[in-house]
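User: Please take a close look at one part of this model and show how it connects to its surroundings. Give the cut-offs as you go.

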Amino acid sequence: MESELIHYKVEDFLKDNDFISYVFERTGEAVSRWETLFKMHPYLEERATEAMAILLALEDVVTDLVPPEIAELKERIFKTLKI
């Protein structure tokens, strides 16, 4: 798994459910796993930080959308960004 992570771009972080959980849940195991990866491959931390900022900015958006609408919107955004 690490071999594919070392090639991650911002878009890849945004699609990675494990990374998304790391950003929002901050469990000890996830924090340890990701921070170890960033220590071993420091160039990934800049990309991850950018992805984290995008995810956290999206969390601050207040909407009246229901979960299926949010999923559809997310899919449309990813298609537009081609990720």
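Analyst: Arg26 sits in the loop between H3 and H4. Helices here are DSSP runs of H or I with at least four residues, strands are E runs with at least two, and both are numbered from the N terminus. The model is predicted, so local features need pLDDT of at least 70 and side-chain atom pairs count only at pLDDT 80 or more, while totals for chains, interfaces and linings use all residues. Residues are numbered from 1 along each chain as its sequence is written, and side-chain values use heavy atoms, with hydrogens and water left out.

Start with the backbone. Most residues other than glycine have a negative phi. Arg26 is not a glycine, yet its phi is positive, at about 50 degrees. Its relative accessible area is 39%, so Arg26 counts as partly exposed. The scale is this: buried is under 20% relative accessible area, exposed is over 50%, and partly exposed lies in between, with a 1.4 Å probe and protein chains only.

The side chain of Arg26 has a partner. It meets Glu35 in a salt bridge, 3.7 Å from N to O. The term requires a side-chain nitrogen of Lys or Arg within 4 Å of a carboxyl oxygen of Asp or Glu. Glu35 is also partly exposed, at 34% relative accessibility.

H4 covers residues 28–40, which makes 13 residues. At 1.5 Å a residue H4 should span 18 Å, and its end C-alpha atoms are 18 Å apart, so the two agree. The expected span is 1.5 Å times one less than the number of residues.

Charge comes next. The structure holds three salt bridges. One joins Asp18 and Arg33, with the closest N and O atoms 2.8 Å apart. Asp18 lies in helix H3 (residues 17–25) and Arg33 in helix H4, so this pair ties together parts that are 15 residues apart in sequence. Asp18 is partly exposed at 26% relative accessibility. Arg33 is partly exposed too, with a relative accessible area of 36%. Arg33 also bridges to Glu29, at 3.3 Å between the closest N and O atoms. Both of these residues lie in H4, four residues apart, about one turn of the helix. Glu29 is exposed, at 62% relative accessible area.

Turn to the rings. A pair of aromatic rings is described by the distance of the centres and the angle of the planes. The rules take rings of Phe, Tyr and Trp (its six-membered ring) with centres within 6.5 Å; planes under 30 degrees apart are stacked, over 60 edge-to-face, and the rest tilted. Trp34 and Phe38 are four residues apart in H4, about one helical turn. Both are buried. They belong to a cluster of ring pairs that also takes in Tyr8, Phe13, Phe19 and Tyr22.

Tyr8 comes from elsewhere in the chain. It lies in the loop between helix H1 (2–5) and helix H2 (10–15). Tyr8 is buried, at 9% relative accessible area. Beyond its neighbours within four places in sequence, it contacts Phe13, Asp16, Trp34, Leu44 and Arg47. Contact means heavy atoms within 4.5 Å. Tyr8 and Leu44 are 36 residues apart in sequence, but their C-alpha atoms are 7.3 Å apart.

The chain has six helices and zero strands. Of its 83 residues, 25% count as buried. Among contacts with a separation of 6 or more, 67% join residues 24 or more positions apart.
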